[in-house]
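Please read it alongside the sequence and the model.

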Amino acid sequence: MKKIAVLTSGGDSPGMNAAVRAVVRKAIYNNIEVYGVYQGYQGLLNDDIKKLELGSVGDTIQRGGTFLYSARCPEFKEADVRKKGIENLRKRGIEGLVVIGGDGSYRGAQRISEECSEIQTIGVPGTIDNDINGTDFTIGFDTALNTIIESVDKIRDTASSHARTFIIEVMGRDCGDLALWAGMSVGAETIIIPEVKTEIKEVAERIDHGIRRGKKHSIVMVAEGVMSGESCAQELAKYINVDARVSVLGHIQRGGSPTGADRVLASRLGGYAVELLMNGETARGVGIKNNDLTSTSFDDIFIAEAHKFDHNIYNLTKELSI
Ligand code: F6P
């Protein structure tokens with residue numbers, strides 16, 4: 001392995017820079033040249049590829065976003081379009097590609113490794129959603145979680161002053177982990193997530209019960225994968241008469257300086273991705289399980305049923321918020 005490339009793709013997440021830095025530094029340490037592909041798969045098609053040096057990743061570990069930029073590139077699903085991208089790697093003699101992103105980004109990497117035996121591909125899980133199989137945590141999840149906690153702690157101050165119910169809509173796509181972990185961390189009275197069916201009538205009863213036993217305010221955490229905060233408020237209004245407000249945290253959840261946990265995770269996974277390439281591995285995603293580094297074939301990662309949801313955490317949140 002003499003030359004590799006790295007790209008960030010899909011929705012950005014805090015810690016992507018730290019992961020790119022780890023890939024670049026680990027590769028150069030092992031006498032491997034590294035190329036940065038700018039703007040994800042779009043940059044691969046546009047041949048926006050530049051050599052990276054040790055200094056290219058200096059002063060980046062603490063920065064949110066991704067200095068390689070990111071993009072969603074639906075055209076990359078087409079075989080003819082992909083050929084062009086593969087050619088841009090091949091003409092530089094690039095033998096390994098590290099793709100940092102979500103599982104949509106992994107699918108592009110899998111196709112490359114299937115269609116070009118000279119290029120090995122490894123995926124690094126970068127998304128705030130924590131929705132990738134083969135890893136307990138994705139890069140950016142912890143930072144987004146902390147951003148939500150900080151925001152809801154502030155919302156709680158005003159909720160308490162006005163004795164209001166707040167409905168907080170959080171990101172996560174079809175995964176409820178951000179809502180669940182944030183809900184547990186802020187002591188939300190109710191957490192509505194895609195993995196568990198929730199009757200709004202019961203949510204209303206819980207809020208009502210809380211008010212009757214003297215609670216001054218109430219926090220409902222709703223995952224965007226179930227419904228919008230606004231729809232949740234409208235549904236609730238059918239059952240109870242409370243002065244509810246809706247807060248949609250939005251893209252603030254994707255920004256900010258990565259937490260220590262995300263910087264360490266990104267560094268470990270980025271370094272491990274290079275190690276796997278050096279060992280001749282391909283079409284695998286790296287991850288962390290029980291704090292050990294691990295890798296899983298893309299094929300296994302794409303088996304949706306395997307996504308791990310922790311029912312124990314969910315059940316505990318219910319017990320703690322009676
Ligand atoms: O996958 C990350 C994510 O932030 C999701 O939580 C959210 O649903 C989506 O991306 C938003 O995408 P966009 O930034 O393209 O609006």
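The model is predicted. By that cut-off, the residues surrounding the ligand are R72, T127, D129, M171, G172, R173, E224, H251 and R254.

**Ligand contacts**
- The side chain of E224 places an N or O atom 2.5 Å from an oxygen atom of the ligand.
- For D129, a polar side-chain atom lies 2.7 Å from an oxygen atom of the ligand.
- R254 has a side-chain N or O atom 2.8 Å from an oxygen atom of the ligand.
- On its own the ligand has 390 Å² of accessible area, and the protein covers 74% of this.

**Annotated span**
- UniProt, in an unreviewed entry, lists residues 3-277 as "domain: Phosphofructokinase".

**Helix α9**
- Helix α9 covers residues 260-278, which is 19 residues.
- At 1.5 Å a residue α9 should span 27 Å, and its end C-alpha atoms are 27 Å apart, so the two values agree.
- Buried residues of α9 include D262, L265, A266, L269 and G270.
- Further along α9, G271, Y272, A273, V274, L276 and L277 are also buried.
- In an α-helix there are 3.6 residues a turn, so residues three or four places apart point the same way.
- G280 follows α9 and has a positive phi, near 80°.

Note on methods: Residues are numbered from 1 along each chain as its sequence is written. This is a predicted model: local features need pLDDT of at least 70, side-chain atom pairs count only at pLDDT 80 or more; totals for chains, interfaces and linings use all residues. Side-chain values use heavy atoms; hydrogens and water are left out. UniProt positions are given in the numbering used here, feature names are shortened, and annotations may be inferred rather than shown by experiment. Helices (H or I, at least four residues) and strands (E, at least two) are DSSP runs, numbered from the N terminus. The expected span of a helix is 1.5 Å times one less than its number of residues. Buried means under 20% relative accessible area, exposed over 50%, partly exposed in between (1.4 Å probe, protein chains only). A residue is near a molecule or strand if one of its heavy atoms lies within 4 Å of it. A polar contact is a pair of N or O atoms within 3.5 Å; within protein, one must be able to donate a hydrogen and the other to accept it, and residues adjacent in sequence count only if both atoms are side-chain atoms. Accessible areas come from the Shrake-Rupley method with a 1.4 Å probe; for residues, only the protein chains shown count as cover.
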